[in-house]
Amino acid sequence: MSLDPVTLAVLKGRLEQIADEMDATLFRSAFNPIIAEAHDACHGLYDAETGATLIQGGTGLPIFVGAMAFAVKAVIDKVAVDGGLNEGDTFLFNDPYLGGTHLNDFRLVRPVYRDGVLFCWLASVGHWVDIGGNVPGNYNAKATESFQEGVLIPPVKLIDAGQFRQDIADILTANSRTPDSNHGDLNGQINALDLGERRVHALLDEYGIGTVNQALDALGERAEALMRENIAALPDGTYSYDDYLDNDGVTDAPLLIALDLTIDGDTMRLDFSRTAPPCAGPLNIALSTATAACYVALKHVFTDVPANAGCLRPIEFVIPETTLLGVSAPKPVAGYTETILRVIDAVFGAFAEAAPDRANGSPYATINALSMAGHRKDGKRWVMFCFFGGGLGGNPLSDGLNHGNNPISTATIPPAEILESAYPVMFTKWALRPDSAGAGEHRGGLGAVYEIEALDDGGADVFLLGERGKFPPFGVNGGGPAAMNRFYYQTETGEASPPLVSKVTDVHIEKGMRIRLESPGGGGYGDPRNRDPDLVARDVCRGYISPDSALADYGVAVDGAGQIDAEATASARQEAAE
Amino acid sequence: MSSSKRMMIGADVGGTFTDLFFFNEAEGRFRVGKVPSTRGDEATGFLSGLTDRDLGDVATIVHGTTVGTNALLERKGARIGVITTPGFRDTLEMRRRDRRKTWGLWGDFTPIADRDMRVEVAERTLADGTVRVAVDPDEVRQAAQTLAAKGAEALAIIFINSYANPANENAAVAAAGEVWPNEHLECSSMILHEIREFERASTTALNAYLQPLVGSYLGKLEDRLRAEGFDGEFHIVQSNGGVMSVETARSLPVRTALSGPAAGVIAGGAIARAAGFPNVITCDLGGTSFDVSLILDGTSVLAPQTTVDFGLVIRTPMVEITTIGAGGGSIAAVDRGGLLQVGPESAGSVPGPVCYAQGGGRPTLTDANVVLGRINAENPIGGKLDRLDVAAAKAAIVTHVADPLGLDVMQAAEAIVTVANAKMAGAIRLVSIERGHDPTEFAAMPFGGGGALHAGALIMDVGLAKALVPRFPGVTSAMGCVIADMRHDHVQTVNWPLDGLDVASLDRLMVDTAADARVVIDRAGVVLDRVDVVFELDMHYIGQTHAVPVEVPVTVAEGTTGITLEILRSAFESAYKSHFSRLLPGLPVRIVSLRTAAIGRRPHFDLAALKPGDSASLESAALESRQVWFDGGWLETTVWKRLSLPVGASIKGPAILEQPDATIVIDPGLVGEVDDHGNLVIGRLQA
């Protein structure tokens, strides 16, 4: 007998609350700002047998939402071979080829037993600030093997039948530049699992295992039905989009990310076969990561589909291991964020053709993982690590958001004052970047300029892993591309910019010198010459765009004070139309 | 104060009604009043409720206002200018790099100060408080003049790291003050002495944004009151539930953002304490939302900040109110996945529920309550409508809920109420169970017009001990104005590690801020029993960015707090343990900020004044019974005039209690009893 709709609605809320509360517990108790401020973490409930996502928190990092099922599956596969799964166990690992993403993301996976029978899995993932390797913070833009990226821990028992294994914790401590921070984050993740387990049992006490299982099945079926309905509303056909990564950090050659998206009735195929082969540098990703990226893109397009495994059933993924999207160990993967952003953009690009009313310009699509590191006067190491913002794409509803976060993230950026109080740096600029948005009837959002000065006698080593330095965020439906990513650093002789644009490993700046990161804006939506001239003038007044761009990109003649020359505007727009 | 003047008036000006609570302290008598609000000219509506009074007899008027709230929500504040540190003029616009929703990338953001109204002047302070570049007064004067010429009505000066050293900001305020044409001029360290530039900038800018409007509103209102002969004290309720002088409110209007709801929570706390329920969850069911708030040991819980709307953050202690989108006007619909949803979409007050017959076509929670017979269609509350259209409500439920789900209309109406109850129960769980509080130790206190319709279901759903329905649920906020204590908060970021802490410096800072906060309270000239100073430290393990609030159990006596390292450490560890399961021994601890609150305790308000008079009796309260739908069938249900029930009356469910501003449902299996103060206490019927 199927569950009545009322109980189902009630249970849906209760289950989602469990995952949300696990998120909140970790955010509040985590040590490193990447989890505490940027919410680079995720929690959920997973199927006892398959590891498929049952329930996902609404506040966790979007990219993990798709990847976590693979992490749980990895543990299920391990215990299927090794045996020895006990109540009270908790597994820990960061193997990106099994669980997706990269080495910094530590997964804790715990079975929940009910009356001696496995009911479901709980999992927690969080980004730890440093796990060894050649580069503090692990974004090694030049790695050619995962061994250079950091320490890889396969699934091991951190807690064995309720006994915390200090030896495992000691291995983690010995392999990081930031052992206290990692220790704090590990404890935060255990806090979250403890709490989730208590909540699951309370729910089962109240409703009984049969009812809760029925609800979980029904929620999966409903997500599938909604997804099928969404797909069926699109015209059948194959829609292709090709985008490029700048380079792999080792060789300066572009990497093709190619998607052929086929709509066939109520099913969809995402075929990435034409994508470039595995690369030498860290821009590869594993199959689990690529699947998760597609999931994120589809969730941004179909915002009403709930986050569980049901919505993936109507979708076929073709991600061959001959491409850089399906690699295995020890191919380097530290730069996975850049590759998945390009995968997501390819999905957006294909949708612009299949369903223009659901499209948006590229949302700047680079994470700009920047580390600055050095030693304080007392010899203690410091590592400042941060991701930076950019402009979101113009869209049918509005201009793109200025200085937003990436589609894979809901992260808030740490305040400059927090960073300045924790590390010997000073931000000399933290501002919007004029003329960085893609032109459009709805223009893109503006990117940002961050300029940072080293304050300590020892200066600072600088590492960056970013993209969109050679291929700009694209516009859709006639919208223009945004400005590209730029990075500069001061030297004795002036200002320099690295050859691979935003992949940097060997830069050192002295005390008093600065680096400057200029992030891309978002791509535009619709023909810029259809933009209301008053809005263009307003953008000039506010310093979002220059008078030159107003004329060249929008065909609006306007002076620096925002005065429109109507005659010159008419003729410029007329000229463009011809 | 002259002893002949004992009249206190609480006035809560809401969007629809202005609620008034008149209290004659000498005689222990009170009266409630309700007049329509006059949007845009609130003073007129306010005064129309006072016309039959001789204002010369009034000692105190305490006002809860939504003028600030509405200006924020509707973006109707002043044009402001902002002066910033070089490189940081976009802080307000860049926010914390968030976006509106997790899923979906559309939508943009307009800051309250346009980019061309934000200018930079040379200056820089480092994180340790060192002034690297001193501010140049000439440049500040010039910037201020430029902004004034561009039409700025208020000026906010916001420099980086001013929490660590406000010298440059203070110098800039002094310089700008020489040329700024009005009193609407402030710097961020005056408004919020705390680390995190966006939150501080946003709070400061929003304060400036509200200043001209709220300042002129309060000024006009006070002038009108004075002109009518009022010569008593005039005070304003803050978002933290404390009262401040009208002068403080005019300089810190951002602290009025939740003025009205906070007053309601304060009244809820006082009523619950008097009734012997120290732990209460207040539930306010309005038209579009359900607001819950936690009262623990008789004290309301405060949140450090709130987000008014995307990108508009106010960081100042506020009564923590958790809002979900489920109100009487919430629309019931079956989504494309076949799931019944109630809210967050709302029919609002226009067109409103279908049964109001004002053009609404989609069924709401109120429609379901009407169809089930819980709301009296012939005598709706509020007095604006003569009767409700039950047939239209039924038809809408059939079309939009019953048919898609394969239910009959009564089952569908009941399902709407059940799903709404589940959402409300979720909100209650969020503030209780999920924070480690045992629900059996709490009572629900519904206020507003609709909360008491659902109170019984909520205590059963969540496992709460009781529901406590105040005697006048519709004027709780006005009553809170009369009850609330005076309060002034101050925060200062210090970033001092516990290891090697100079305890004497901390002690001095605590003593000094306590004295400063007391001055603000004393200046208001209110009759108080005493002033309490409460210290709270934000502390964490070094490396964490979030901090745990740690209440420090010390008071100022003879110029010292007597604080010691041992007191600090043990207070931190017990606070940390209560938030998280695991302490982290061996890791160093830091004090991030000191929070000081001075609370002026007002004379005790005897709530026994509210109890029913001698004329109350069961006979006079009984109305004709009617059929109401409960648990899948119609039940003959007794109906009562609530205000006529005597102390000690015991009404078994199913029953409906009606009063001019609220309807109360006592579900089958529950019983409601009138306590000594006139509250209705609903609990389980003992077998």
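1. Two strands count as paired if DSSP finds at least two bridges between them, and helices (H or I, at least four residues) and strands (E, at least two) are DSSP runs, numbered from the N terminus. In this sense B:Ala655 stands opposite B:Ile666, a residue of E33(B), and strand E32 (residues 655-659) of chain B pairs with E33(B) in the antiparallel sense over five bridges.

2. The model is a predicted one, in which local features need pLDDT of at least 70 and side-chain atom pairs count only at pLDDT 80 or more, while totals for chains, interfaces and linings use all residues. Residues are numbered from 1 along each chain as its sequence is written, chains are lettered from A and ligands numbered from 1 in the order in which they are written, and side-chain values use heavy atoms, with hydrogens and water left out.

3. The strands named in the opening point belong to an open sheet of four strands in chain B, with the order E29-E30-E32-E33 and mixed pairing. Strand E29 (622-630) and strand E33 (662-666) of chain B stand at its edges with a single partner strand each, so one side of each is left without a neighbour in the sheet. On average, neighbouring strands of this sheet are turned by 25 degrees against each other, direction ignored, where the axes are lines fitted to C-alpha atoms.

4. Turning to the interface, the contact (heavy atoms within 4.5 Å) takes 67 residues from chain B and 91 residues from chain A. Chain B and chain A bury about 6,700 Å² between them, 56% of it on carbon and sulfur atoms; buried area is the accessible area (1.4 Å probe) that two parts lose on being put together, summed over both. In chain B, the residues that lose the most area to chain A are B:Arg97, B:Trp103 and B:Trp106, together 15% of what that side buries.

5. Between chain B and chain A the count is four salt bridges, a salt bridge being a side-chain nitrogen of Lys or Arg within 4 Å of a carboxyl oxygen of Asp or Glu. A:Glu420 forms a salt bridge with B:Arg124, and their closest N and O atoms are 2.5 Å apart. Helix H3 (91-94), helix H7 (197-227), helix H12 (409-431) and helix H16 (565-579) of chain B each supply at least two residues of the side that touches chain A, and H12(B) gives the most to that side, with seven residues.

6. A search of the whole structure finds 60 salt bridges over all chains. In one of them the side chains of A:Arg114 and A:Asp205 meet at 2.6 Å, N to O. A:Arg114 lies in strand E4 (residues 105-114) of chain A and A:Asp205 in helix H6 (residues 179-207) of chain A, so the pair ties together parts that are 91 residues apart in sequence.

7. Some backbone details deserve a look, given that most residues other than glycine have a negative phi, and most peptide bonds are trans. A cis peptide bond joins A:Ala329 and A:Pro330, with omega about -5 degrees, and A:Pro330 is found in the loop between strand E11 (315-318) and helix H9 (336-354) of chain A. Another cis peptide bond joins B:Gly343 and B:Pro344, with omega about 0 degrees, and B:Pro344 has its place in strand E22 (residues 340-346) of chain B. A:Ala161, a residue other than glycine, has a positive phi near 50 degrees.

Key
Axes fitted to C-alpha atoms, helices over the stretch in contact; angles between N-to-C directions.
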